Amino acid sequence: MPAGDKRERGDGLEAKIGGNEKARPREGGSGLSVLPAAKRLRAGMHEDHANVDPDSALGDTKESPPSHPFARYVVDIKGYKKASAQDVGIKVFRTPGKRFTAVFKHRYSDFIVEEVGLDKKIVTIPEKDPKEAKGMEVEEKVTPNLETAKKELGPLIGAERAQALVKFVESGGTVGATHVPETTSTESKEEEPNQGNKNQQKKRGKRKRNKRGKQKRGPSFVVEGMDDKDIRTKVHMVVRNHLKGFDSSTTPTKGVEIFKGSSGRRPKKKRPYLHFTLLKKKIDTMSAINSLCRIMRLKPKTFSFAGTKDRRAITLQRVCGFGLQHKHLFGTVEKWLNKSMRVGHFEYKDTGLKLGELYGNRFSIILREVEGITNAALKTTAESIRKNGFVNYYGMQRFGTGTVSTHAVGLELLKGNIERAIGLILAPRPEDKEDSSAAKKIFRDKGDIEETLRLLPRFMHNECNLLQALNELGPSQPLPALKRIQRGMRLMYMHSVQSMIWNHMASIRMEQMNSSKALPGDLVYRGDDEAIAMRRDQGLPEVIMLDEKTAGNYSIFDIILPTPGSDVVIPSNLKSSYLKILKEYAIESLIDSNQSPRYDEAALTGNYRKLICRPKDLEIDIITYTKPDQCLIDSEYLVKAEEEVGDSVTSEQGEHIQGDQDILQEPSGEKTAIKLRFTLPSSSYATIAIRELTKTSVRT
């Protein structure tokens with residue numbers, strides 16, 4: 001293994017990043033040696049639970065089980081524990097460097113995420129008083145088809161009159177007009193005396209409107225002497241089909257009058273999709289959408305977005321809603337949700353947003369209370385990351401922070417254990433707040449769903465939806481009950497299993513093989529399909545498996561690894577490792593076409609992901625500050641952002657340290673922070689970039 005590849009210690013802290021020791025090289029061992037036995041894996045357990053009885057780890061305790069009708073959904077989670085970085089395969093450091101400590105996300109404003117669209121433009125803060133939405137009135141300019149009209153009108157009205165009509169249309173309805181109105185609406189009003197009964201006044205009013213209508217019509221071309229109704233009808237059809245922007249009507253003398261319409265443009269229906277910028281704080285994307293749906297009485301599928309954003313952060317992203325009115329949406333957010341979000345930059349479009357339709361994200365991050373590294377060492381590490389990148393792991397937030405991890409639920413779903421998966425979601429957890437824990441215990445002990453729902457906080461959408469479904473459907477229909485959870489959330493449970501396996505495979509590829517170049521058996525995108533990989537709606541891109549002849553044409557930065565699924569190609573140099581871990585988790589059906597999935601949504605197609613990610617536009621500044629809660633992000637930007645969501649900040653800024661002075665030698669009362677700015681491609685994690693910098697696992 002190259003000297004630059006380091007293996008992470010398993011002692012990451014909760015509120016702080018790292019310790020004061022250097023990152024140590026990995027001391028032997030194979031990539032899968034850290035995985036627990038199959039039974040403990042099925043329970044989502046950790047290595048330090050190896051001394052726990054396997055049956056107990058699976059939740060089979062000696063306590064008498066509950067006897068209510070929903071007892072099948074009660075799961076004992078004593079054998080579960082928060083997942084660590086090593087549990088989900090995050091093991092390798094790509095670059096050398098010194099381990100140091102720092103506080104991450106001390107303030108919400110210490111983590112700012114700005115989405116970067118496919119046009120590579122950064123999403124900006126929406127204005128407080130939004131202007132009129134773009135794309136509201138869509139008009140299409142129409143052009144008459146004169147040659148076709150002339151050809152079809154000749155046999156109907158005669159070649160000479162057809163030629164004259166074409167000239168009239170070509171001039172915009174001015175040259176060659178055979179009829180010009182003589183009166184105006186004002187003259188008509190003066191001729192009509194204001195007298196008589198109400199019926200007479202109504203008739204006179206009708207005549208006025210008719211006269212005003214004729215006056216608005218302007219000059220016209222009248223073709224007289226057309227007694228045959230069929231011929232008149234054909235003339236009307238020619239005008240409608242080929243003389244766009246002009247209309248026709250039958251005169252009292254059985255002629256046809258052709259005149260210019262009110263506009264040479266024909267309006268379309270309003271575009272159905274409302275795109276808007278969402279600025280949010282203290283809430284993740286799914287919770288923000290759920291809040292909008294609850295207040296506006298909409299279904300979650302009304303909204304779509306390119307990617308989810310963190311909860312403990314200030315984030316900016318584009319969101320799309322089908323059939324929404326921008327004024328209604330803006331008013332709802334201003335009235336009910338102004339403390340956590342703001343919307344603006346409205347634009348109506350013909351198409352919606354799909355997951356993955358973004359170039360990436362621009363991050364602005366503050367690491368506080370930095371200790372254990374010098375300015376020079378920090379800059380050296382940063383330059384190494386800028387050049388060599390980091391292993392593109394799925395971050396810890398992909399797997400959740402609770403006792404029951406997201407992929408633990410996903411494993412049960414992939415195995416077809418729907419009742420157990422629901423039980424894991426509904427089980428009381430040590431980290432639950434008092435009110436939610438009390439509500440869950442009522443369901444666990446008594447099966448009283450109505451009482452549970454009465455006490456359960458409304459923000460717990462998954463639990464509420466499941467309980468309402470069980471109450472309506474009864475205990476014998478777990479799959480319909482599960483489908484009451486949003487489809488995106490159901491898939492996220494299973495996708496987290498794929499992510500965990502990808503992480504383990506990435507670690508094996510970096511630990512057990514040459515980590516500096518492409519090898520035979522590796523996969524790369526064919527041609528420009530890397531760009532297609534960013535657009536998940538276009539299907540999987542075509543890939544190439546390298547051999548002895550082609551491996552030298554590619555670098556380590558070109559290598560991709562698949563998340564396991566039915567439609568992906570498995571790299572030949574890692575195939576045995578994929579099969580081994582899938583067998584240990586008893587989910588071989590993910591890539592085995594001979595095994596059918598346990599239920600429809602468990603048929604996952606898989607995807608491809610770059611092995612190494614290099615951050616773009618990486619900037620690192622060292623600053624000092626004195627107040628623990630001092631705002632350290634650019635003041636003008638942050639004050640505006642936090643005012644948008646109803647929070648106050650201090651405008652005092654830290655001072656930049658010049659030169660290569662030692663960070664540990666600080667004046668009394670001063671603390672040191674690191675300010676980071678960088679851009680990552682879609683689905684890459686900023687926490688993994690910070691992990692590479694600090695050489696330790698990252699938790700908020």
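First, the ground rules. The model is predicted, so local features need pLDDT of at least 70 and side-chain atom pairs count only at pLDDT 80 or more, while totals for chains, interfaces and linings use all residues. Residues are numbered from 1 along each chain as its sequence is written, and side-chain values use heavy atoms, with hydrogens and water left out.

The protein has 21 helices and 24 strands. Helices (H or I, at least four residues) and strands (E, at least two) are DSSP runs, numbered from the N terminus. Of its 700 residues, 49% count as buried. Buried means under 20% relative accessible area, exposed over 50%, and partly exposed in between, with a 1.4 Å probe and protein chains only. Contact means heavy atoms within 4.5 Å. Among contacts between residues at least 6 apart in sequence, 78% join residues at least 24 apart.

Now to helix α9, residues 326–336. Which of its residues are buried? They are H326, L329, F330, T332 and V333. These cover an arc of only 160 degrees around the axis, which puts them on the same side of α9; the arc is that of the directions from the helix axis to the C-beta atoms. On the other side, K327, K335 and W336 are exposed. The buried residues pack against β11 (273–281), α8 (285–296) and β14 (341–349).

Take α8 in that list. Its axis and that of α9 are 11 Å apart, at an angle of about 100 degrees. Axes are lines fitted to C-alpha atoms, for helices over the stretch in contact, and angles run from 0 to 180 degrees between N-to-C directions. That makes α8 roughly perpendicular to α9, a label for angles of 65 to 115 degrees; under 35 is roughly parallel, over 145 roughly antiparallel, and the rest oblique. L292, I295 and M296 in α8 meet H328, L329, T332, V333 and W336 in α9.

Next, the cores. A nonpolar core is a set of buried Ala, Val, Leu, Ile, Met, Phe, Trp, Tyr and Cys residues joined through side-chain atoms within 4.5 Å. In the largest, of 107 residues, I365, L367, L413, I501, I587 and F678 touch the most other members. Its largest share, twelve residues, comes from helix α17 (residues 487–512). A second, separate core of 22 residues includes F276, V333, L337 and M341.

Last, S384, in helix α10 (residues 375–388). S384 is buried, with a relative accessible area of 13%. Neighbours within four places in sequence aside, S384 is in contact with T95, P96 and G389.
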